[in-house]
Amino acid sequence: MRDFGAGFSYVMKGQRWVGTHGRWFGFGLLPGLLTLALYVGAIIGLGYGANDVVAWATPFADDWSSPWEGILRGFLTGLLFALGLFLAVITFTAVTLLIGQPFYESLSEQVDRTEGGNVPESGLPLWRDLWISARDSLRILLRVLIYGIILFALGFIPVFGQTVVPVLGFAVTGYFLAEELTAVALQRRGVELKDRLALLKSRRMMTLGFGVPLGLAFLVPFVAVFLMPGAVAGATLMVRELRPEPDQGHDRAQEPEQARNSPPVPGHPDSAYPQPGVPGGSPYDPFKK
């Protein structure tokens with residue numbers, strides 16, 4: 001359980017980091033707000049259309065006598081809406097990270113920079129980073145769906161389905177949520193999906209300690225949006241322990257205050273964020289038009 005507590009400590013450290021770097025917190029909110037708007041629209045559409053979908057899928061119940069037709073379709077409508085909410089929870093992070101890849105990569109780099117040592121960079125063009133992120137997120141989503149189907153079936157087992165299965169469900173959600181969040185920092189370090197999963201498996205309890213509390217918090221509407229910047233920061237801090245980089249003698253105390261607390265200013269000669277085209281600089285400038 002010590003590793004579980006260590007994982008949870010990185011949740012708090014990440015939120016503390018963005019709390020002391022307020023401009024980066026606002027910078028990291030943008031992708032979550034956009035994704036939230038998309039998901040709210042999709043859920044509202046599902047709420048309006050669920051009855052029609054169920055009626056279309058169950059034509060055999062048209063001739064059933066009351067109340068059986070209403071009971072069946074009401075149950076299936078509720079099940080469909082619950083499935084939609086479940087998919088929204090498990091995919092929200094992946095979609096937010098995909099939309100916000102440039103934002104969160106910049107935030108993750110800044111965490112590495114302020115904490116000292118090496119600041120790894122993928123060196124890949126933006127389209128390549130987005131492709132890798134989308135491909136890996138799809139692979140993770142397929143894994144989660146397989147586990148979800150198995151757990152859904154086990155949920156019909158009396159007692160076991162109402163006690164053990166929910167716990168397993170939160171554990172699975174938290175584990176893969178941690179994978180999605182740490183992927184931002186690990187992808188910059190050139191770590192492939194297979195190696196990322198092996199790395200997290202080697203510290204399974206720490207991974208669960210980080211992912212499960214966030215998974216529970218993300219169930220509360222709108223909370224995920226405000227926790228995402230800190231979650232990315234905390235995941236980066238955890239990656240620094242799981243896969244430390246060689247120290248290059250970086251001294252954060254010698255950085256100007258703006259460099260340590262502000263998002264990058266494009267074209268500014270004193271910007272602490274590496275400029276595109278400069279040796280050692282980032283291949284992507286999130287503020288470039």
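This tour moves through a predicted model, from a nonpolar surface patch to a set of salt bridges.

Begin by selecting Val40, Ile44, Tyr48, Phe222 and Phe226, which together form a nonpolar patch on the surface with about 560 Å² of accessible area. Helix H2, spanning residues 22-57, supplies the largest share of this patch, namely three residues. Val40 lies in helix H2, and its relative accessible area of 34% makes it partly exposed.

Turn next to the salt bridges, of which the model has eleven. In helix H3 (residues 68-99), select Glu69 and Arg73, which are four residues apart and therefore separated by about one helical turn. These two residues form a salt bridge whose closest N and O atoms are 2.9 Å apart. Glu69 is partly exposed at 26% relative accessibility, whereas Arg73, at 13%, is buried.

Now select Arg203 and Glu241, whose side chains meet in a salt bridge with an N to O distance of 3.4 Å. This pair links distant parts of the chain, 38 residues apart, with Arg203 in the loop between helix H7 (193-202) and helix H8 (204-217) and Glu241 in helix H9 (residues 223-242). Arg203 is partly exposed, with a relative accessible area of 23%, and Glu241 is likewise partly exposed, at 36%.

Finish by selecting Arg135, Asp136, Arg139, Glu179, Glu192 and Arg196, which salt bridges with shared partners join into one network. Within this selection, look at Asp136 and Arg135, whose side chains meet in a salt bridge at 3.2 Å, N to O. Asp136 is buried, with a relative accessible area of 4%, while Arg135 counts as partly exposed at 22%.

How values were computed:
Residues are numbered from 1 along each chain as its sequence is written. This is a predicted model: local features need pLDDT of at least 70, side-chain atom pairs count only at pLDDT 80 or more; totals for chains, interfaces and linings use all residues. Side-chain values use heavy atoms; hydrogens and water are left out. Patches are made of residues with over 30% relative accessible area and no salt bridge: like charges are joined within 9 Å, nonpolar side chains (Val, Leu, Ile, Met, Phe, Trp, Tyr) within 5 Å. Accessible areas come from the Shrake-Rupley method with a 1.4 Å probe; for residues, only the protein chains shown count as cover. A salt bridge is a side-chain nitrogen of Lys or Arg within 4 Å of a carboxyl oxygen of Asp or Glu. Helices (H or I, at least four residues) and strands (E, at least two) are DSSP runs, numbered from the N terminus. Buried means under 20% relative accessible area, exposed over 50%, partly exposed in between (1.4 Å probe, protein chains only).
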